[in-house]
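Colleague: I'm new to this one. Could you show it to me and talk me through it?

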Amino acid sequence: MQLTQPLAEDDFSKARNKAFFNEIQHFLSPEEVSLISLNDVKQLLKPTNESYVGMKVIPIEKIVGSEGRYQDFDNKFFPKSSHLKNRWEHVDEAIINSIELPPIKVYEISGLYFVRDGNHRVSVAKSRGTEFIDAEVVSLQSEIKLKQVRNLSDIIRQIIIYEKRVFYAETNFGDITEYWCLDFSTPGRYDVIYNHILTHKYYMNQKVEEEITMEEAVESWFKRVYLPIVTIIRDKHILHNFPKRTLGDMYVWIVRYWDDLKHKFGNDIPLEEAVIDFNRTYKLPFKKRILNQFKRIFLRKAIYMNISDTESLKTD
């Protein structure tokens with residue numbers, strides 16, 4: 001074992017350096033290289049049941065997160081801290097010496113795996129380019145199936161796409177309105193829209209004897225509620241002040257804000273004034289936007305110079 005210790009030390013050093021450079025390259029967006037927390041995924045997917053699957057050989061690339069050690073490794077399972085060194089190297093030495101290690105324990109949800117026990121074994125295996133690993137699997141049931149992901153943002157995007165597909169299919173929204181770009185940047189918004197439509201339908205029914213159809217409610221809500229609000233948002237160029245947000249996001253936020261204003265000051269608050277006041281209250285200041293842009297430009301240059309220096313050292 002002593003003969004393999006230098007090899008293990010070198011392996012850890014390489015893995016640790018990869019985590020370091022990964023972190024530096026994403027200094028302004030550390031969430032992009034954070035290992036995914038199982039708890040965060042459970043909150044998003046809300047699994048309905050748990051079942052014991054048993055022993056399986058699973059693909060390493062499908063292991064994307066951890067139950068409890070997500071702060072110790074990056075999204076590629078490279079070790080982020082030197083305090084992992086001893087245990088990591090012991091695992092690496094065992095593999096170098098062909099010592100059989102016990103199976104890891106994982107949760108499976110939506111086709112992806114999250115480590116319950118064996119984070120160091122996964123880290124070493126990924127660093128070595130291993131493709132498969134023995135695992136004891138517990139499955140968490142979810143109706144959503146996820147493709148390969150790099151970070152939590154990828155999961156969120158896939159969930160939103162799934163929710164949009166379900167909403168459009170169940171309400172026939174696109175065919176009724178010919179509007180296919182009702183989009184959001186966070187999950188759960190299509191349920192909000194569906195409830196808005198049902199509320200609108202309820203008030204429509206108060207004025208007629210025959211029951212309003214869902215198709216009529218969707219069309220009426222779109223023309224009389226949604227379009228007037230997003231038209232003001234467009235005319236006032238408000239979306240420009242909320243980077244990475246959508247018209248759908250702004251609609252939901254402004255409706256809530258307008259409702260709060262009416263509760264505080266009465267129902268006579270004009271919609272346009274509510275939109276303008278929302279923009280004034282919550283927009284990102286111009287100076288801060290410019291500063292963030294300068295920071296991104298500076299960081300890109302610093303990373304490029306750092307990588308260039310590193311490459312030149314390799315060739316010296």
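**Cores, sheet and a helix**

Colleague: Which residues touch the most other members of the largest nonpolar core?

Modeller: This is a predicted model, where local features need pLDDT of at least 70, side-chain atom pairs count only at pLDDT 80 or more, and totals for chains, interfaces and linings use all residues. Residues are numbered from 1 along each chain as its sequence is written, and side-chain values use heavy atoms, with hydrogens and water left out. A nonpolar core is a set of buried Ala, Val, Leu, Ile, Met, Phe, Trp, Tyr and Cys residues joined through side-chain atoms within 4.5 Å, and buried means under 20% relative accessible area (1.4 Å probe, protein chains only). The largest such core has 37 residues, and those touching the most other members are Phe173, Leu182, Ile193 and Tyr226.

Colleague: Which element gives the largest share of this core?

Modeller: Elements giving two or more residues to it include helix H5 (152-171), helix H7 (189-205) and helix H8 (214-235). Helices here are DSSP runs (H or I, at least four residues), strands are runs of E (at least two), and both are numbered from the N terminus. With 9 residues, the largest share comes from H8.

Colleague: What does tyrosine 226 touch?

Modeller: Contact means heavy atoms within 4.5 Å. Leaving out residues up to four places away in sequence, tyrosine 226 touches Tyr179, Leu182, Trp221, Leu247, Gly248 and Tyr251.

Colleague: How many residues are in the second, separate core?

Modeller: Ala19, Phe73, Ile104 and Ala135 are among its members. The size of that second core is 23 residues.

Colleague: Which strands are the edge strands of the open sheet?

Modeller: The sheet has 6 strands in the order E1-E3-E5-E4-E6-E2, with mixed pairing. Two strands pair if DSSP finds at least two bridges between them. Pairing on one side only are strand E1 (36-37) and strand E2 (50-59).

Colleague: And what is the bridge partner of isoleucine 63 in E5?

Modeller: Strand E3 (residues 63-66) pairs with strand E5 (residues 112-117) in the parallel sense, over 3 bridges. For isoleucine 63, the partner in E5 is tyrosine 113.

Colleague: How far apart are the end C-alpha atoms of helix H3?

Modeller: Helix H3 (residues 85-96) has 12 residues. Its expected span is 1.5 Å times one less than its number of residues. That comes to 16 Å, and the end C-alpha atoms agree, being apart by 16 Å.

Colleague: What do the buried residues of H3 pack against?

Modeller: Trp88, Glu89, Val91, Asp92, Glu93 and Ala94 are buried in H3. These buried residues pack against helix H1 (5-25) and helix H4 (119-127).

Notes. Buried < 20%, exposed > 50% of the residue type's maximum accessible area, 1.4 Å probe, protein only.
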